[in-house]
Amino acid sequence: MEQKINCAQACVNGCVLGDKCPNIEFREATAKFIQETPLDKMLELAQERLRKKITEPPKWVFPEDP
């Protein structure tokens, strides 16, 4: 039986499921990105995303009518 956990809470100090992690493909892609991307490039990507976020129009969320 596959174990269901909230990775954001349970894996704060590292993955608790090890090789059975359902997000292992993302973990490998992330490790590869971190190893191959210079810190300056990462900062540039983060600044560009922040710039886009700031210039986006606000997104209004309306509660559903009862």
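Is Cys-15 buried, partly exposed or exposed? At 32% relative accessibility, Cys-15 is partly exposed. Here buried means under 20% relative accessible area, exposed means over 50%, and partly exposed lies in between (1.4 Å probe, protein chains only). The model is predicted: local features need pLDDT of at least 70, side-chain atom pairs count only at pLDDT 80 or more, and totals for chains, interfaces and linings use all residues. Residues are numbered from 1 along each chain as its sequence is written, and side-chain values use heavy atoms, with hydrogens and water left out.

The protein chain contains three helices and zero strands. Helices (H or I, at least four residues) and strands (E, at least two) are DSSP runs, numbered from the N terminus. The order of elements from the N terminus is α-α-α. The radius of gyration of the protein chain is 18 Å, well over the 11 Å given by the globule rule for 66 residues, so the chain is more spread out than a compact globule. This radius is taken over C-alpha atoms, and the globule rule is 2.2 Å times the number of residues to the power 0.38. Along its principal axes, the C-alpha trace spans about 45 × 40 × 20 Å.

Of the 66 residues of the protein chain, 6% count as buried. The accessible surface of the chain comes to about 6700 Å². Carbon and sulfur atoms contribute 58% of that surface. Accessible areas come from the Shrake-Rupley method with a 1.4 Å probe; for residues, only the protein chains shown count as cover.

Cysteine pairing was examined next. A disulfide is a pair of cysteine sulfur atoms within 2.5 Å. By this rule, the count is zero disulfides. Cys-15 is in no disulfide, and its nearest cysteine sulfur, that of Cys-21, is 3.8 Å away. For Cys-21, the closest cysteine sulfur is in Cys-15, and at 3.8 Å the sulfurs are too far apart for a bond. Cys-21 is buried, at 9% relative accessibility, whereas Cys-15 is partly exposed.

Charged side chains were considered as a set and then as pairs. The protein chain has 10 positive and 11 negative side chains. The centres of the two sets lie 2 Å apart. Lys and Arg count as positive and Asp and Glu as negative, while His and the chain ends are not counted. Each charge is placed at NZ of Lys, CZ of Arg, CG of Asp or CD of Glu. Side chains of opposite charge can pair when their charged atoms come close.

A salt bridge is a side-chain nitrogen of Lys or Arg within 4 Å of a carboxyl oxygen of Asp or Glu. Three salt bridges are counted by this rule. Glu-44 and Lys-41 form one of them, with N to O at 3.7 Å. Both residues belong to helix α3 (residues 39-55), where a spacing of three residues separates them by about one helical turn. Glu-44 is partly exposed, with a relative accessible area of 46%. Lys-41 is also partly exposed, at 37%.

Arg-51 and Glu-48 form another salt bridge, with the closest N and O atoms 2.3 Å apart. These two residues also lie in helix α3, three residues apart, about one turn of the helix. Arg-51 is partly exposed, with a relative accessible area of 47%. Glu-48 is partly exposed at 34%.

Glu-56 forms a salt bridge with Arg-49, with 3.7 Å between the closest N and O atoms. Glu-56 is partly exposed, at 31% relative accessibility. Arg-49 is partly exposed, with a relative accessible area of 44%.
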